[in-house]
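The questions below go through a few places in one structure.

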Amino acid sequence: MTQTESLSPSSGAGLRTLLAILMVTLNLRGAITCVGPLLEEIQGAYGLSATAAGLLTSLPLFAFACVSPYAAALARKTGIELAVFLSLLLFICGLGVRYLPGTLNLYLGTALIGTGIAVNNVLVPGLLRRDFSQHLAIVTAIFTMVMVTAGGLGSGVTIPLAERWGWRISLLAWIVPAILGISVWMTRLGKNSSAPAPPPASARRISVWNNGLAWHVSLFMATQSTAFYVLIAWLPRMLSDLEGITAAESGWILFVYQIFVLLSVMVIPVLVHRSADQRWIGAGCSILMMISFAGLLFDTHHAMFWMIIMGLGAGGSLVLALTLFGLRASTAAESVALSGMAQSVGYMMAALTPILVGYIYDKTHLWSLPLWLMLGLSLIQMGSGYFAGRPLTISDSVALR
């Protein structure tokens, strides 16, 4: 990626660039979050166990963990704009394959969808850093809000679409923003540019895997991601079993949850950037999530209220987790290394836990044990958030040994 003059999001060229990026952003979550409300119907159609259904929801996360480290290499080889285009094309192919009958197509299509998203998860923030370096805070906030809103719509509109046209069409509906996104993005291919060269070998030798602060950041990323994807995958089924809440009602509860995630995403960055010490932000957001899981365990009847509290904690946790990659690093090389470690650990844990929840439910037919598990992970999140929020960098923590 070549260095370019920073664009203003309010200028003509800047606005066109930002809108094109946001059209890609629309396709980073909705095709995943739409699966949870339909999971029971999908299980019935294909005869899937809860464990197999958990694997289905986790496939995109395995792609995030395994494919994301190679996104920069793809962009260096093809150019970043072309890499984004190819990833959108793969995403559309995945939607088409997932629509076809057959269990193999269901899983293969989901894997392709996850792979396409995984690459753009890495490249889209890179585009924002490249094109809006002087306005990064505002464009990153807009990017996060669009991504969260699209994820919320994935939960909220899925069941109404399924009731009108069937669950397959409901899953396929995300091809509309995908085609719109790829059509807009095609106008950017004439500006195709290469990604930056990898850092020198000396910089790449930075070791974060044996650094305590890096592990706190990674565990915070992992636990907050895990909570989100477990809820997206299993909350509708859980509420149906415990309270007789319909899939449509559960979808709207998840939609409201993500609205409050969005509200928190807009507020917490102000607090994060006003203080060098984020310990109580990390711990406080985690406590809200812990309270919510306890509410779901002991008072499921008021699930909407508990999910509103969950959204406030989850949104703040998401923003802080992403911000810590830069705050806890003293150099660009450290930031890249920390981001790579945290996303790899985070998404792998977020992929495995829904499968574990499905397995526990298969064996016990109880939701209390999975909720106790999530309460335990919330406690780990609180501790890791507190320690990751200390005003230190990776280099500082090494020097303190």
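Q: Which residues does Leu 297 touch, not counting residues up to four places away in sequence?
A: This is a predicted model, in which local features need pLDDT of at least 70, side-chain atom pairs count only at pLDDT 80 or more, and totals for chains, interfaces and linings use all residues. Residues are numbered from 1 along each chain as its sequence is written, and side-chain values use heavy atoms, with hydrogens and water left out. Contact means heavy atoms within 4.5 Å. By that rule, Leu 297 touches Ser 368, Leu 371, Trp 372 and Leu 375.

Q: Is Leu 297 buried or exposed?
A: Leu 297 sits in helix 15, residues 279-298; helices are DSSP runs (H or I, at least four residues) numbered from the N terminus. Buried means under 20% relative accessible area, exposed over 50%, and partly exposed in between, with a 1.4 Å probe and protein chains only. Because its relative accessibility is 16%, Leu 297 counts as buried.

Q: How is the aromatic pair of Tyr 361 and Trp 367 arranged, stacked or edge-to-face?
A: Rings of Phe, Tyr and Trp (its six-membered ring) pair if their centres lie within 6.5 Å; planes under 30 degrees apart count as stacked, over 60 as edge-to-face and the rest as tilted. The structure holds twelve aromatic pairs. One of them joins Phe 305 and Trp 306, 5.0 Å centre to centre with 70° between the planes, and is edge-to-face. For Tyr 361 and Trp 367 the centres are 4.3 Å apart and the planes 20° apart, and the pair is stacked.

Q: What is the relative accessible area of Gln 278?
A: Gln 278 lies in the loop between helix 14 (247-274) and helix 15. Its contacts, leaving out residues up to four places away in sequence, include Val 272, Leu 320 and Arg 328. Gln 278 is buried, and its relative accessible area is 1%.

Q: What arc do the buried residues Thr 158, Ile 159 and Ala 162 cover around the axis of helix 9?
A: Thr 158, Ile 159 and Ala 162 are buried in helix 9, residues 158-165. The arc is that of the directions from the helix axis to the C-beta atoms. These three residues are on the same side of helix 9 because their arc is only 90°.

Q: Which residues are exposed on the other side of helix 9?
A: The buried residues of helix 9 include Ile 159. On the other side of helix 9, the exposed residues are Arg 164 and Trp 165.

How values were computed:
Helix = DSSP H or I, 4+ residues; strand = E, 2+ residues; numbered from the N terminus.
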